[in-house]
Amino acid sequence: MTIQEKQQEVIEEFSMFDDWMQRYEYMIELGKSLPLIEEKYKIDENLIKGCQSKVWVHAELEGDKLAFTADSDAIITKGIVAILIRVFSNQHPSEIIEADTKFIDEIGLKEHLSPTRANGLVSMIKQLKMYAVAYQTQLN
Amino acid sequence: MRQQTQAKTFEVEKIRKDFPILSRKVNGYPLVYFDNAATAQTPKQVMDAIVDYYSGYNANIHRGVHTLSQEATDKYEQARIKIQKHFNAENAHEIIFTSGTTHGINMVANGFASLLKKGDEILVSAMEHHSNIVPWQMLCEKTGAKLRVIPMNDKGELIYSEFETLVSEKTRLVFVNHVSNALGTVNPIKKIIEKAHSVNAAVLIDGAQAAPHIKADVQELDVDFYVVSAHKMCGPTGVGALYGKEEWLEKLPPYQGGGEMIATVSFEKTTYAGLPHKFEAGTPNICGGIAFGAALDYMNEIGFYEIATYEHELLEYATKKLKEIEGMKIYGEAAEKTAVISFNIEGLHPYDIGTLLDKMGIAVRTGHHCAQPVMDFFKIPGTVRASFAFYNTFNEIDLFIEAVKKAKMMLQ
């Protein structure tokens, strides 16, 4: 599946809910399916800055695809990073670099997109793209 | 403290009508504003003062001969007198307008740079806001003075006996907050000031968190410096006041150079203006200062004794209700505290709780509250902090408790 298709899939899933509680409950559920980062990578260098909770992200190349693992000490943040990783993981770095993130808006998490928001969703997206940029140069 | 002895009936519903923001909705729910320790809401009376200024007599002060300038100057200086009277300062020129508490602290720290030498000691409490730690660290770096910390106990109270042993002939300055922003603890500042004065050390009290609840009497306290922010007491942001004893303000060099703060200027020599203008370089926040005065009028009209009594009832009620929730841990259980509750629920991150409360229209603060040393002391990443004001209600506390329970259920 392409990033676009995955985003569409997430949008459809979230469209089933008509109130915020169900959306957040689902997000918390998704957090539990997050591909967890190995303990050895849970180091300060892998922490994403700008979050009130701790978020660690690690990236590894599998063939020409980039696979992400992550964790957070806050449950909602874990849900958010799980959605991002589901969309961006196992894609070619160039696809990740070019992908837009409008789907965040469509699944009713727009408020998390503000750069001043303490959960650092914007920082997370930036970090995933930075990994993609770094590995893209490796592939070239 | 100057307080009346008899409480009037507290008409909270009538008071709430003064605050237009309190009737708005957030995420479809009625707003419950419990982030008063971060900033208080603004009553119509203060907004009116702001509108009156801009629609009636907006002009630069202290230098115009025209009517508007005179009117603005008069109102601004009247506001200074209101602040003087409120804190019972001996002289109006002992009140310096600032941009807020942080500015006031930096002004004093900067002034002391020329008065300290290597080996001198500065004492700060373990429960300070970052704004009351960083300026002193910078001052220590500059002067070679040493920063020493007054420890606290598990209840979040300063250990006075430890403070007594820290005080010595080397102590030149003591900085303590009147009330801790993270814990709500009311510190025994009168005792601290007396002890510090026994070795001729100066004392600066950060009154930012106390001023909305307690009317400090700077003469009775015999404090050397007391700093506050207007926005914590129903005034606008970007304005505050530094009270300083005349003798200290005379001793300290000016903070910034510019207009307003000079008497005469030539390229050879500038003589500084007298107090308070020596510390008020440039065009000040004129409207903000006037609105600060209006906010003090507003709060005094309600009465600080009445405010404190009512808020204490809210605090006791909320504390009791929160404690009924399983896994609840409250940080800061000092015998004397203001209407602030810092808490965590076992196994849950404060950020998660805060996010879900916001979805239910409830505004609280989460995080380290700019007091990381306090968080380190309790070995936690942060807390959820609910802080109440006199316009909050018992019904809002019930909504808050229900929302906390709901959030807990969703997260577990």
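This is a predicted model: local features need pLDDT of at least 70, side-chain atom pairs count only at pLDDT 80 or more; totals for chains, interfaces and linings use all residues.
Let me begin with chain B, where the domain assignment gives domain 1, made of 12–43 + 303–411, and domain 2, which covers 46–300. The C-alpha centres of these two domains of chain B lie 28 Å apart, and across the boundary 27 residues of domain 1 are in contact with 33 residues of domain 2. On the domain 1 side of that contact, the elements that give two or more residues are α11 (304–323), β14 (340–345) and α13 (372–378) of chain B, and α11(B) gives the most, with four residues. If we sort that side of domain 1 by class, we find 16 nonpolar, seven polar and four charged residues.

Turning to the sheet, seven strands of chain B form an open arrangement in the order β4-β10-β9-β8-β7-β5-β6, with mixed pairing. Which strands stand at the edges? They are β4 (95–98) and β6 (146–150) of chain B, and each has a single partner strand, so one side of each is left without a neighbour in the sheet. Neighbouring strands here are turned by 20° against each other on average, direction ignored. Helix α4 of chain B, residues 101–112, packs on this sheet and touches β4, β7, β8, β9 and β10 of chain B, and its direction makes about 150° with that of β9(B).

I would next like to look at the largest nonpolar core, which has 151 residues, and in which B:Val203, B:Leu204, B:Tyr226 and B:Ala295 have the most contacts. Helix α10 (residues 286–302) of chain B contributes the largest share, 11 residues, and the core draws at least three residues from each of domain 1 and domain 2 of chain B. As for B:Ala295, leaving aside residues up to four places away in sequence, this residue touches B:Val46, B:Ala230, B:Met233, B:Cys234 and B:Gly235.

Another element worth a moment is strand β17 of chain B, residues 383–387, where five of the five residues are buried, so the strand is largely enclosed by the rest of the structure. Both faces are covered, with B:Thr383, B:Arg385 and B:Ser387 buried on one side and B:Val384 and B:Ala386 buried on the other. β17(B) pairs with β14(B) in the antiparallel sense over four bridges, and there B:Ile341 stands opposite B:Ala386. β17(B) also pairs, again in the antiparallel sense, with β16 (residues 365–367) of chain B over three bridges, where B:Thr366 stands opposite B:Val384.

Finally, I come to chain A, of which 13 residues are in contact with 11 residues of chain B. Helices α2 (20–31) and α3 (75–88) of chain A each supply at least two residues of the side that touches chain B, and α2(A) gives the most, with four residues. By class, that side of chain A has seven nonpolar, four polar and two charged residues.

Is A:Val133 buried or partly exposed? With 13 other C-beta atoms within 10 Å, A:Val133 is partly exposed, and from A:Phe68 it is 65 residues apart in sequence and 14 Å apart in space, C-alpha to C-alpha.

Conventions
Residues are numbered from 1 along each chain as its sequence is written. Chains are lettered from A and ligands numbered from 1 in the order in which they are written. A nonpolar core is a set of buried Ala, Val, Leu, Ile, Met, Phe, Trp, Tyr and Cys residues joined through C-beta atoms within 7 Å. A residue is buried if 20 or more other C-beta atoms lie within 10 Å of its own, exposed if 12 or fewer, and partly exposed in between; C-beta atoms are placed from the backbone. Domain bounds come from an automatic or database domain assignment. Two residues are in contact if their C-beta atoms, placed from the backbone, lie within 7 Å. Two strands pair if DSSP finds at least two bridges between them. Axes are lines fitted to C-alpha atoms, for helices over the stretch in contact, and angles run from 0 to 180 degrees between N-to-C directions. Ala, Val, Leu, Ile, Met, Phe, Trp, Tyr, Cys and Pro count as nonpolar, Asp, Glu, Lys and Arg as charged, and the others, Gly among them, as polar.
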